[in-house]
Amino acid sequence: MPPDQGFLCDCGKPATIRQAWTDANPGRRFYRCGAAWRSVCDFFQWRDLEKPHGWQKTALLEARDVIRGRRKR
Ligand SMILES: [Zn+2]
């Protein structure tokens with residue numbers, strides 16, 4: 001993904017945007033180190049300041065579980 005807003009991680013690379021799919025933060029975007037995976041630093045920053053909540057959170061979790069094949073239709 002392209003860098004956004006010019007964030008730099010702790011090792012000076014443009015941070016990349018990732019998306020969380022945990023139960024607490026489905027679909028919430030965050031920045032991680034932009035270096036190659038072998039040399040990533042511990043840089044972490046949320047891009048979406050608000051946690052997912054309400055029907056959006058429920059819908060996101062259901063979509064995630066369907067994609068992962070956990071739920072039978
Ligand atoms: Zn880094």
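**View 1. Glycine 69, just past the helix.** Just after helix H1, glycine 69 adopts a positive phi of about 75°. Helices here are DSSP runs of H or I with at least four residues, strands are DSSP runs of E with at least two, and both are numbered from the N terminus. This is a predicted model, in which local features need pLDDT of at least 70 and side-chain atom pairs count only at pLDDT 80 or more, while totals for chains, interfaces and linings use all residues. Residue numbers start from 1 along each chain as its sequence is written.

View 2. Helix H1 takes in residues 54-67. Its 14 residues should span 20 Å at 1.5 Å a residue, and the end C-alpha atoms, 20 Å apart, agree with that; the expected span is 1.5 Å times one less than the number of residues. Alanine 59 sits in H1. Is alanine 59 buried or partly exposed? With 13 other C-beta atoms within 10 Å, alanine 59 is partly exposed. A residue is called buried if 20 or more other C-beta atoms lie within 10 Å of its own, exposed if 12 or fewer, and partly exposed in between, with C-beta atoms placed from the backbone.

**View 3. The three-stranded sheet.** Here is an open sheet of 3 strands in the order E1-E2-E3, paired antiparallel. Its edge strands are E1 (16-19) and E3 (44-46), each of which pairs on one side only. From one strand to the next, the twist averages 35°; axes are lines fitted to C-alpha atoms, for helices over the stretch in contact, and angles run from 0 to 180 degrees between N-to-C directions. Two strands pair if DSSP finds at least two bridges between them.

**View 4. Partners across the strands.** E1 and E2 (residues 29-32) pair in the antiparallel sense over 4 bridges. Look for arginine 18, whose bridge partner in E2 is phenylalanine 30, and for isoleucine 17, which stands opposite tyrosine 31 in E2. On to the next pairing: E2 and E3 are joined antiparallel over 3 bridges. There, phenylalanine 30 faces tryptophan 46 in E3.

View 5. Arginine 47 belongs to the loop between E3 and H1. It has 15 C-beta neighbours inside 10 Å and so counts as partly exposed. Which residues does arginine 47 contact, leaving aside its neighbours within four places in sequence? They are Ile17, Arg29, Phe30 and Tyr31, where contact means that the C-beta atoms, placed from the backbone, lie within 7 Å. Cysteine 9 is 38 residues from arginine 47 along the chain, and their C-alpha atoms are separated by 13 Å.

**View 6. Stepping back to the whole chain.** Along the sequence, the chain reads β-β-β-α. Its radius of gyration is 15 Å, well over the 11 Å that the globule rule gives for 73 residues, so the chain is more spread out than a compact globule. That radius is taken over C-alpha atoms, and the rule is 2.2 Å times the number of residues to the power 0.38. Buried residues make up 10% of the 73. The UniProt annotation "domain: GRF-type", from an unreviewed entry, covers residues 9-50; UniProt positions follow the numbering used here, feature names are shortened, and annotations may be inferred rather than shown by experiment.

How values were computed
Two residues are in contact if their C-beta atoms, placed from the backbone, lie within 7 Å.
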